[in-house]
Amino acid sequence: MIEDLWYKNSIIYSLDLETFMDANGDGVGDFEGLMQRLDYLDSLGVDTIWLAPFQPTPNRDNGYDISDYYGVDPRHGSSGAFVEFMHQAHKRGIKVIIDLVVNHTSDQHPWFQEARNPQSPYHDWYVWQEKRPSDWNEGMVFPGVQESTWTYDKKAKQYYFHRFYDFQPDLNMENTDVRAEVQRIMGYWLQLGVAGFRVDAVPFILETPAPGQKKPQLRFEYLAELRRFLQWRRGDAILLGEANVMPEETKNYFGEHGEGIHMMFNFYVNQYLFYALATADVAPLADALRATQALFPTAQWAQFLRNHDELDLGRLTEEQRQRVFERFGPDPTMQLYERGIRRRLSPMIGNRPQSELAYSLLFSLPGTPVIRYGDEIGMGDDLSLKERDAVRTPMQWSDDRQAGFSVADHTIHPLIDQGPYRYARINVEAQQRDKDSLLGWMTRMIRLRKQCPEIGWGEWQLLDTKVPTVLAMRYEWRGNALLLLHNFDQRAREVRLTLPDETGETLVNLLEEETCTAEADGAHLIILEGYGYRWFRIGDLRHVLRRSTH
C-alpha cells in the first residue's frame, strides 16, 4: 500500500552534530547534547532526523573526509552514545537517517595509506594514473577554491583522482571489493537502527573516470545493487540521494521501475523557487514543477529551501542567476563558486512575510519537506567565516552565554553575537514564549502539513490563475482535495478560479476562520495580500472528515 511508505509524509530535520548542542563543554556538539534536545524536535513536529557525518575524521571538510566508517568521532561521544541516542529517538517515534559518504575517503583513511603502495591489494580501491592526465585541472566541484582533480602522490609515484579536495581521494567503484565494503558499511549502521541514508554526491559515485573523457559513463546498476541490499537488510529503509541533475536524467536515478533510490533532493525546483522569490515571476517555477512531476509511485522528491552548502543556482540562465544575486546576494562576499549564495534563508530574504511565504510554499510542494536546523527560528549567517562555514554556526538555544549551545570559551564555530541575528535576540527560548514568533508559526505549519497527506501521496496539478505572480496547486487523494495558493508579489492580488470537476462549492481555510463559497458562475474570488498564502480544503470540512474515516 502506498500509504505504508513512511517517507512520503515525513518531516525531515537536517542537523550537524558538531554545531547543535554541546553537553560536555568542549565547544563541540555531541550525541549527549542532541539527546537533551530530542524533546524540542519532537514538539516541533519532526519525525526524521538527518545527521551529517559524525564518524572519525581529520575534519578538513565538515566531516565529509571520513577516516573510519565504523565508528563515532571522539569529539561527538562513543558508539555507545550513538546507540543510546538511537534508543531515545525511537522512544519518541523519531527515525534517523545518516550520511553515506562513499564517493571518497579522507587521505588519512588506512585504506588510502595502504593504497599508496602500488603492490597493496588496496591500491585498486582508488583511481590512479602513471602520467598526469590532460584534464587534470578540469571538472572541479569547487572552482576557484579547488585547483585540480588529479594530484601526484610522492609515495605511490602516481596521480590519484579526486572530484573534491585533494585530501579526499575517490574510491574506485568499479572494484567489486569496494562495493562489497560499502554494503558492509550500510549493514553496520542499519543493524544499529538507522532508517536509511542520505547518499552524498550520487553522480560521482556512479561515474567511471577516464583521463581525457569529457562525459564519464554512469553505472546506474550500482544504485540498484545498493537498493537490493538495503531492502534485504531492512525493508522499509530508504536512500535519499544528492544529485543535482536535469529533470530528464532523474528517471535513471529513481529507476525505470522504482529499483533505484527512493528519494532525491529537488535541486531543479529549488533554484527556480528562489528565482520566483527574487522576481515574483512564477512561470519558470511552474515549468520546473511540471518537468519533475512524473515519478514512479514509490519515488519521492525531497523539497528544501536551504541546506549545509551554498544555494546552488547553476541550473538557471545567466540572466536569471544575476536576478537572484541582485536580490539575495548582491555583495560578492555573499556569493560562492560563481554559481551560488552562502547565506541562510532569513537574512537573505530579510522580512518575515516573505520568509513565511517561502516556508508555506515548501510545505505545500509535492514531496517531503526538509528543514535545516536553526531556520525554524530565523537564524542568521556569519559571512566572516570561510566559504560554506558561513551557514554552519552553532544553534541558538537561549540568550545565555554562548547561546546555551556550550559552556566552553571557544566553540567549533563562533556564535553570532552581533547584529540583528545575534543570539541574544534570536533564540529558541525567547520564541517558545512568544505566540507570534517564527518558531510558533513553523510548529503550526508542520502540524498542518501532517494533516494534509494529500501532498505526500496524492495526485497534483497546477491551475491557471491568470495572475503571473500567483502559484495555485490542487491535490487529490482518496476523494479529498486541497487548493494551495501563494502570491509572490509584495502587493495584494485578486484571483478568480473555477475549479475542475468539483462537486462542492466550498473552500475551507485551514489556517484561519474563513470559508469561501463559489459565485453563481461557479468561480471562486480569492484575495491574497502581499506575500499571502492560502491552504484550502475543497468541500465542506465536516463532510470531508466523515469521508476520511470510512
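This is a predicted model: local features need pLDDT of at least 70, side-chain atom pairs count only at pLDDT 80 or more; totals for chains, interfaces and linings use all residues.
By class, eight nonpolar, one polar and two charged residues make up the lining of the largest cavity. About 80 Å³ of space lies inside the largest cavity. Its lining is formed by Val102, Met173, Arg179, Val182, Gln183, Ile205, Leu206, Tyr222, Leu223, Glu225 and Leu226. Three helices, α5 (176–191), α6 (202–206) and α7 (221–233), each give at least two residues to this lining. The largest share comes from α7, with four residues.

Why look for such spaces with a probe? Rolling a probe the size of a water molecule over the atoms shows where empty space is left. In this structure, seven cavities of 30 Å³ or more are found. The second largest cavity holds about 60 Å³ of space. Around the second largest cavity stand Trp50, Arg198, Glu242, Phe265, Phe267, Phe304, Arg306, Asn307, His308, Asp309 and Val370. By class, the lining of the second largest cavity has five nonpolar, two polar and four charged residues.

The largest pocket has a volume of about 1000 Å³, and 41 residues line it. Nearest the centre of the largest pocket lie Val141, Pro203, Phe204, Asn244 and Arg315. Two or more lining residues are supplied by each of α6, β9 (217–218), α9 and β13 (311–312). The lining of the largest pocket divides into 16 nonpolar, eight polar and 17 charged residues.

How do α9 and α10 lie relative to each other? Helix α9 (residues 267–279) and helix α10 (residues 283–291) pack at an angle of about 165°, and their axes are 8 Å apart. Because of this angle, α9 is roughly antiparallel to α10. The crossing of the two helices is left-handed.

Which residues bring α9 and α10 together? From α9 come Tyr268, Val269, Tyr272, Leu273, Tyr275 and Ala276, which meet Pro284, Leu285, Ala288, Leu289 and Ala291 of α10. Sorted by class, this contact has 11 nonpolar residues, with no polar and no charged ones.

Methods. Residues are numbered from 1 along each chain as its sequence is written. Side-chain values use heavy atoms; hydrogens and water are left out. Axes are lines fitted to C-alpha atoms, for helices over the stretch in contact, and angles run from 0 to 180 degrees between N-to-C directions. Angles under 35 degrees count as roughly parallel, over 145 as roughly antiparallel, 65 to 115 as roughly perpendicular and the rest as oblique. A crossing is left-handed if the near helix is turned anticlockwise from the far one by less than a right angle, and right-handed if clockwise. Contact means heavy atoms within 4.5 Å. Ala, Val, Leu, Ile, Met, Phe, Trp, Tyr, Cys and Pro count as nonpolar, Asp, Glu, Lys and Arg as charged, and the others, Gly among them, as polar. On a 1 Å grid over the protein atoms alone, a cavity is a set of points where a 1.4 Å probe fits but cannot get out, and a pocket is an open set with protein on both sides within 12 Å along at least five of seven lines; lining residues have an atom within 4 Å of a point. Grid points are joined across faces, edges and corners, and a volume is the space filled by probe spheres set on the points.
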